[in-house]
Amino acid sequence: MSMTILYTVLTLSLLGAVAALVLYQVAQRFKVFEDPRIDLVEAELPAANCGGCGYAGCRNFAETLVKSDSFDGLFCPVGGNDTMARIAAVLGREAVAKEARVAVLRCNGTCEFRPRTNVYDGTKSCAIASAIYSGETGCTYGCLGFGDCVTACTFDALHMDEKTGLPVVEDDKCTACGACVKACPRNLFELRKKWKGNKKIYVACSNEEKGGVARKNCTVACIGCGKCFKVCPYDAIVMKNNLAFIDSDKCKLCRKCVAECPTGSIIEIGFPPKKEKTAEETASVSN
Amino acid sequence: MLKTFPKGGVHPPENKLSAHLPIRQIPLPPSVTILLSQHMGAPAKAIVEKGDQVRAGQLIATGEGFLSGNVHASVSGKVTRIDEVQDASGYKRQAVFIETAGDEWFEGIKSDDILEKDFDIDGQEIIKRITEAGIVGLGGATFPSHVKLNVPRGKKAKFLVVNGVECEPYLTSDHALMLEKGEEIMVGVQLLKKALNVKLAHIGIENNKPDAIRHLKELSAKHEGIQVHALKVKYPQGGEKQLIRAITGREVPSGGLPVDVGVVVFNIGTVYAVYEAVQKNKPLIERIVTITGKDIKQPSNFRVRIGTPISALIEAAGGLPENTGKVIMGGPMMGKALGNSEVPVVKGTSGILILSDTESSRSIIQPCIRCAKCVSVCPMCLEPYLLMPLAQQNKFDTLEAAHVMDCIECGSCSYICPASRPLLDYIRQGKSSVGKIIRSRKK
């Protein structure tokens, strides 16, 4: 009886030993070396897997960061400069600070300003609606209002305003990952420089039609008159395709253009009601 | 037994209200708006300028590029401007605006109705005249006809298939044409046979048009190599691939063209346009448009100049009923709802359908119950209930593997779905994204 137990134990031990040897050899043979820094870098990333960096998730971005020689063109918009600085510390490199950005909708075609000319009762998706037709209003450039951007936002920073029918960006939650920029079939979102106190000045219109046509369909359309272009002291405004565009990197928030705009398509947000000098803000760039 | 395609298909209520009504000419509109992109490919390039005097049938824009076609003035008068105008989709397209003055025709065009049979033209000359006349597929896809006739090297056309199916409910323009212009259609078929150098032509007509079948059968007896087939009534039999399968039993391979199985398909309307172009030297400047709807006063088949605003057609048919819910360009299955009624008639406009608000209202979308009705009706053997979520989730590689590109967008799946799911909307969306990916891969 005791012999049987002994044999069993011995046989099993032998089998185990052989299997261990085989497994060890196989593991050695097919060993994949992985840079341990990848795990360290990944731990620093926000783990949102939003794709805002342009790579397939945080792991993929971590691998790319470790493999690359410099941080050129590599930036995690969600984590921002802090994250990039920590990653730079892990990899022993110099971090390049980038200005914080925020998504801005370049359309102000609310129900009030842009009257509906027909009714769409099809599938509630901007991508589908824009492929079928030009939208419920006469403007073929403006927001369709079915909220593809809201669905695309993984940070809960976008929601539809029931009253206006336009999406609203919550600046504090927005990480400038760019998901809404890609989701919008009309290309209405732009990532603009983020100022302290969420101050913003931008042309809230993307209509490239001639002034009269654009104005007919929407009272707050940019008519491409160029008044703002002439008044801008910093050369921040570009006129192209009957449309003014304020370059947020050059703009110093002087607000001269806002007063000039005859249709009110240039919007200022976050400023105190009384006009004040904004020299302080122009000097400091917040993160 | 009647021929048909083997798998899938639906049978919506036919509602052919304007069947057996004669083709009527409507008065010339005071002005026309002729879009420069009335074909599949790149827009044609205008060769007239503001202020020019043009005559009906005069070339006003030349087709540039592979899938492009010529565009002609449909009325005589003065070019008032060349500007952007909203097309059926509401997007802005370049168009030539002509103010009508009299009805003068360009020299060399015979605008009478006398039947001409001059078969003493060689194939190349026929193709040349068709190209010049700017003929595109009048079934709705507006594929330039001369491209189909120039069979690529290494491939050989064996049959000509003529599509007189008109499987869309409500529409009757092809039916009216077959009844009234049967002899002309026969001549057109002979010309196309000559251009393609084939011996046999099949004309497929659905069995709900017995008079047209009888009429064309009688006429075809006098012509050599034309067979008329009565087909079982089933949507989408008018789809090129379904029609080929029904008549010849051949199946167009996935991603292939009809010519891969030796067949070239033309619509009845296109055949008539070919007759006019070759025998009468008349470019494609007018077409038959059905205007129909249950509440409209006089459903009719109109002969309309290209560029006439839709509103003029509605007016001629008794005006817009008060309970109008939607105005649809095309049929109820594949047509497109219009955002405004000033949209001009284009070469691909086969009908205008006016639905009342109760008919056009949508049902509430409910969850998929996996009944697989969409699978059983899909004529392309796809699985719409799986394709829709894939498209929603942007899984383009899986979509491509599931042959989304084979979808002919007939809408049978959305029609049959008991949960009223917008299957086609999403599949079409996925298809366009996958198409973009495939094209970028080829570059």
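# A guided tour of chains A and B

Select helix α11 (residues 384-392) and helix α14 (residues 423-442) of chain B: the two pack at an angle of about 55°, with their axes 8 Å apart. Helices here are DSSP runs of H or I with at least four residues, strands are runs of E with at least two, and both are numbered from the N terminus. The axes are lines fitted to C-alpha atoms, for helices over the stretch in contact, and the angle, on a scale from 0 to 180 degrees, is taken between N-to-C directions.

The model is predicted: local features need pLDDT of at least 70 and side-chain atom pairs count only at pLDDT 80 or more, while totals for chains, interfaces and linings use all residues. Residues are numbered from 1 along each chain as its sequence is written, and chains are lettered from A and ligands numbered from 1 in the order in which they are written.

**First stop: the helix pair in chain B**

How are α11(B) and α14(B) oriented to each other? They are oblique, a term for angles that are not under 35 degrees (roughly parallel), over 145 (roughly antiparallel) or 65 to 115 (roughly perpendicular). Their crossing is left-handed; that is, the near helix is turned anticlockwise from the far one by less than a right angle.

Next, display the side chains between the two helices. From α11(B) come P384(B), L387(B), M388(B), L390(B), A391(B) and Q392(B), and they meet L423(B), Y426(B), I427(B), Q429(B) and G430(B) of α14(B). This helix contact is made up of eight nonpolar residues, three polar ones and no charged ones. Ala, Val, Leu, Ile, Met, Phe, Trp, Tyr, Cys and Pro count as nonpolar, Asp, Glu, Lys and Arg as charged, and the others, Gly among them, as polar. Two residues are in contact if their C-beta atoms, placed from the backbone, lie within 7 Å.

**Second stop: where the chains touch**

Keep α14(B) in view and show chain A as well. The contact between the chains takes 13 residues from chain A and eleven from chain B. On the chain B side, helix α14 (residues 423-442) gives the largest share, three residues. The residues on that side of chain B divide into three charged, six polar and two nonpolar.

Move to P236(B), which is found in the loop between β11 (226-231) and α6 (240-248) of chain B. The peptide bond from Y235(B) to P236(B) is cis, with omega near -5°.

V233(B) lies in that loop between β11 and α6 as well. A residue is buried if 20 or more other C-beta atoms, placed from the backbone, lie within 10 Å of its own, exposed if 12 or fewer, and partly exposed in between. Leaving out residues up to four places away in sequence, V233(B) touches H11(B), E206(B), N207(B) and N208(B). For a distance to draw in the viewer, take V233(B) and G255(B): they are 22 residues apart in sequence and 26 Å apart in space, C-alpha to C-alpha.

Most residues other than glycine have a negative phi, and most peptide bonds are trans. Select N15(B), in the segment before β1 (23-25) of chain B. N15(B) is not a glycine, yet its phi is positive, about 50°. With 18 other C-beta atoms within 10 Å, N15(B) is partly exposed.

H20(B) is placed in the segment before β1 as well, and its phi is positive at about 70° although it is not a glycine. H20(B) counts as partly exposed, with 13 C-beta neighbours inside 10 Å.

Turn to V258(A) in helix α10 (residues 256-260) of chain A. V258(A) is partly exposed, with 17 other C-beta atoms within 10 Å. Apart from its neighbours within four places in sequence, V258(A) is in contact with I201(A), I266(A) and E268(A). V258(A) and C225(A) are 33 residues apart in sequence and 13 Å apart in space, C-alpha to C-alpha.

**Last stop: each whole chain**

Zoom out to chain A, which has eleven helices and eight strands. Its radius of gyration is 28 Å, well over the 19 Å that the globule rule gives for 287 residues, so chain A is more spread out than a compact globule. The radius is taken over C-alpha atoms, and the rule is 2.2 Å times the number of residues to the power 0.38. The C-alpha atoms of chain A fill a box of roughly 100 × 50 × 30 Å along the principal axes, and 36% of its 287 residues count as buried.

Finally, select chain B, with its 14 helices and 17 strands. Along its principal axes, the C-alpha trace of chain B spans about 60 × 50 × 50 Å, and 52% of its 443 residues count as buried.
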